[in-house]
Amino acid sequence: MARIIYVNGTYRRYSDATIHAEDRGFLFGDAVYEVCPVIGGRIIDEVPHLDRLERSMGELAILAPMPRSSLSHVLRETVRRNRIVEGWLYLQVSRGVAPRDFLFPAARTDRTVVCFARNQPLAKGDAQAAKGIAVITTPDIRWDRVDIKSVQLLAPAMAKEKARAVGAKEAWMVDRDGHITEGASSNAWILTKAGEVITRPIDPGGILRGVTRTVLLDFIAREGLKSSERAFTVAEALDAREAFLTSATTFVMPVVTIDGNAIGSGSPGSLSMQLRGLVLAAARAQAHSQPG
Ligand code: PDD
């Protein structure tokens, strides 16, 4: 079955889909995006993802390309046409096409909307979680507005390449004060030896407000676990009992080494696995509760 991509109002085979060379997303990274999980052919956490997309657009003064209900329809249709059962969905909105100029074109310039989806069996993530992943640390060289989910992803791409070169799956980025900000495409967490779950706060910045992060913080509060939203150093991470990361594509993924040093026992932590189970169960329940 040919993969189908939505571009500006039409669903096409990839080979037939085109984007203008003067699209501002291409020339300036002037575009925002979202990635949602798909389970059982249903979109998970669509509302918070579209909320965040609207916020990203608002911060960059990109007008919504269409009403939310229409965007929602595009998401659903893209999943359906690609027959995605387990995987993820990508939605991108750029400021549109205009002769190259740093200044924004008129706000009414047609925004470019792209949506595609990928299969990614949950079993694959489960197999990876059972082993845990390696991460490296690297200086955070991104711009200051990482709260905006923009497609300016060169720094994260470079960080991930650096990780891959040493057989690691993710790079945890470190600010000038030696604190971990977040993963190149995930939020970073540790469980201290004192039993406290820690993740960096949204304010004063340095991270994206991950949807999975928010879901997990709710669980942690409900389970009555000791937790704190504060910055933590690389040394604290190395000394942690457990470490893990969260994102729409990995849910909760145990981290077993940082820069080649084993975290805790060097195998996936029991709390990390428990939290993964909770987040996945909630996502599956959400999928089941949606109409067919
Ligand atoms: N990335 N931090 C960054 C920098 C991210 O790019 C992401 C997600 C997250 C986690 O956010 P969420 O839980 O909402 O997925 C945190 C997506 C998956 C990506 O770029 O592919």
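Modeller: A helix here is a DSSP run of at least four residues, numbered from the N terminus. Keep in mind that the model is predicted. With that term, helix H2 (46–59) and helix H6 (211–222) each supply at least two residues of the lining of the second largest pocket. H6 gives the largest share, 6 residues. The pocket holds about 800 Å³ of space. Its lining counts 35 residues, and Val 146, Gly 205, Gly 206, Ile 207 and Leu 208 lie nearest the centre. By type, the lining has 14 nonpolar, 5 polar and 16 charged residues.

Helix H6 carries Arg 213, which pairs with Glu 229 in strand E12 (residues 227–229). The closest N and O atoms are 2.6 Å apart. The partners sit 16 residues apart in the chain. Arg 213 has a relative accessible area of 2%, so it is buried. Glu 229, at 42%, is partly exposed.

A network of salt bridges links Arg 55, Glu 59, Arg 145 and Asp 147. The whole structure has 20 salt bridges. One of them joins the side chains of Arg 95 and Asp 30 at 2.6 Å, N to O. Arg 95 lies in the loop between strand E5 (87–94) and strand E6 (112–119), and Asp 30 in the loop between helix H1 (24–28) and strand E3 (31–39), so this pair ties together parts 65 residues apart in sequence. Both Arg 95 and Asp 30 are buried.

Terms used. Residues are numbered from 1 along each chain as its sequence is written. This is a predicted model: local features need pLDDT of at least 70, side-chain atom pairs count only at pLDDT 80 or more; totals for chains, interfaces and linings use all residues. Side-chain values use heavy atoms; hydrogens and water are left out. On a 1 Å grid over the protein atoms alone, a cavity is a set of points where a 1.4 Å probe fits but cannot get out, and a pocket is an open set with protein on both sides within 12 Å along at least five of seven lines; lining residues have an atom within 4 Å of a point. Grid points are joined across faces, edges and corners, and a volume is the space filled by probe spheres set on the points. Ala, Val, Leu, Ile, Met, Phe, Trp, Tyr, Cys and Pro count as nonpolar, Asp, Glu, Lys and Arg as charged, and the others, Gly among them, as polar. A salt bridge is a side-chain nitrogen of Lys or Arg within 4 Å of a carboxyl oxygen of Asp or Glu. Buried means under 20% relative accessible area, exposed over 50%, partly exposed in between (1.4 Å probe, protein chains only).
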